[in-house]
Amino acid sequence: MQGKILSPQLISGDDGKRYEYDKNDVINLDGKDLAVLTGSQVEFLSFDKRVAKSIYIIAENLNVSSILSADRISSARTMALWGIGLLIFNFILYIGYFFNFIPYIEHIGKIIVIASFVLYSMAIYSVSKAAANKSLFINYIIAAIISFLDVFLFFMLAPSGASSASDLIAILSLCPMIALIAGIYLYKIQAELAGLSGSSLFLWSFWIYVVIAPLYFLFIMSLRFASFFIPGFAFFIALAGLAGFITFAVFAVPIIVLVPVFVAWWRFGKVEKR
């Protein structure tokens, strides 16, 4: 029987019926992407009314839009891997900062973070274009802006901008609220990437981040605000210090968050049809 490839899972037979199939049953696929071969003519056998077997491509009809999409995804994957790799490298460099054997690490780190952000932004934009999904890039930009404002507020305004304990408490209560809003958009981004790539690792990385983020918040507080608190907060400072100790003890935790994303991008070969 003859027919036409409708998708990487479906063939339309000349008899008007549609047949499911597995790519391993395509005899002369030769490593080609079935998404690129959409529309190609095939011959196949069917031992029931729903499944095609022993499929042979008799006339290729290359899908130009799928080729362009695959190229975009390949380019996006490369940029994302470089962006994430730079962040991982940056965390390794900062170990040297704490042991004082890498000079000018703060300036180097800023350059690395900016380069990483640019590369990853380009990757998200490329995937958004390839999948014709505008919300992905829009959510990414919103999350980036909110996150930047949150970091600015946390590091630039407190405690220098706090004239009293009440001001400091107001700032510290506002930062988590802003971070929560950014987290909602981050979830949307990771969920979209998981859906488009078919990899749940994007969502796994998000939930790991949700578990770890409070520890880092307490750690930074213990370093930056310890001198501001009155002695009555000694127990709280001790608790924050403990969180800081745990954070230092597992300094590779940020890398653990990034590794699932790195692997997910590594496997990202094409946009899944949904």
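Here is a friendly conversation about a predicted model.

Colleague: Before we look at details, what is the mean pLDDT of the chain?

Modeller: Good place to start, as this is a predicted model. Of the chain's residues, 66% reach a pLDDT of 70 or more. The mean pLDDT of the chain is 75.

Colleague: Let's turn to the strands. How many residues lie between S1 and S2 in their hairpin?

Modeller: Strand S1 covers residues 2-7, and S2 covers residues 10-13. The two pair in the antiparallel sense over 4 bridges, and one of the bridge pairs joins Ser7 to Leu10 in S2. The number of residues between S1 and S2 in the hairpin is 2.

Colleague: S1 also pairs with S4. Which residue in S4 is the bridge partner of Lys4?

Modeller: S1 and S4 run antiparallel, with 3 bridges joining them. S4 spans residues 41-45. Within S4, the bridge partner of Lys4 is Gln41.

Colleague: On to the helices. How far apart in space are Ile112 and Leu86, C-alpha to C-alpha?

Modeller: Ile112 belongs to helix H2, which covers residues 105-130. With 10% relative accessibility, Ile112 counts as buried. In sequence, Ile112 and Leu86 are 26 residues apart. In space, their C-alpha to C-alpha distance is 6.4 Å.

Colleague: And what area does the nonpolar surface patch made by Ile141, Ile145, Phe148, Leu149 and Phe152 have?

Modeller: Let's take one member, Ile141, which is found in helix H3 (residues 134-157). Ile141 counts as partly exposed because its relative accessibility is 32%, and patches are made of residues with over 30% relative accessible area. Together with Ile145, Phe148, Leu149 and Phe152, Ile141 makes a nonpolar surface patch of about 480 Å².

Methods: Residues are numbered from 1 along each chain as its sequence is written. This is a predicted model: local features need pLDDT of at least 70, side-chain atom pairs count only at pLDDT 80 or more; totals for chains, interfaces and linings use all residues. Side-chain values use heavy atoms; hydrogens and water are left out. Patches are made of residues with over 30% relative accessible area and no salt bridge: like charges are joined within 9 Å, nonpolar side chains (Val, Leu, Ile, Met, Phe, Trp, Tyr) within 5 Å. Accessible areas come from the Shrake-Rupley method with a 1.4 Å probe; for residues, only the protein chains shown count as cover. A salt bridge is a side-chain nitrogen of Lys or Arg within 4 Å of a carboxyl oxygen of Asp or Glu. Buried means under 20% relative accessible area, exposed over 50%, partly exposed in between (1.4 Å probe, protein chains only). pLDDT is the predictor's confidence in each residue, from 0 to 100. Two strands pair if DSSP finds at least two bridges between them.
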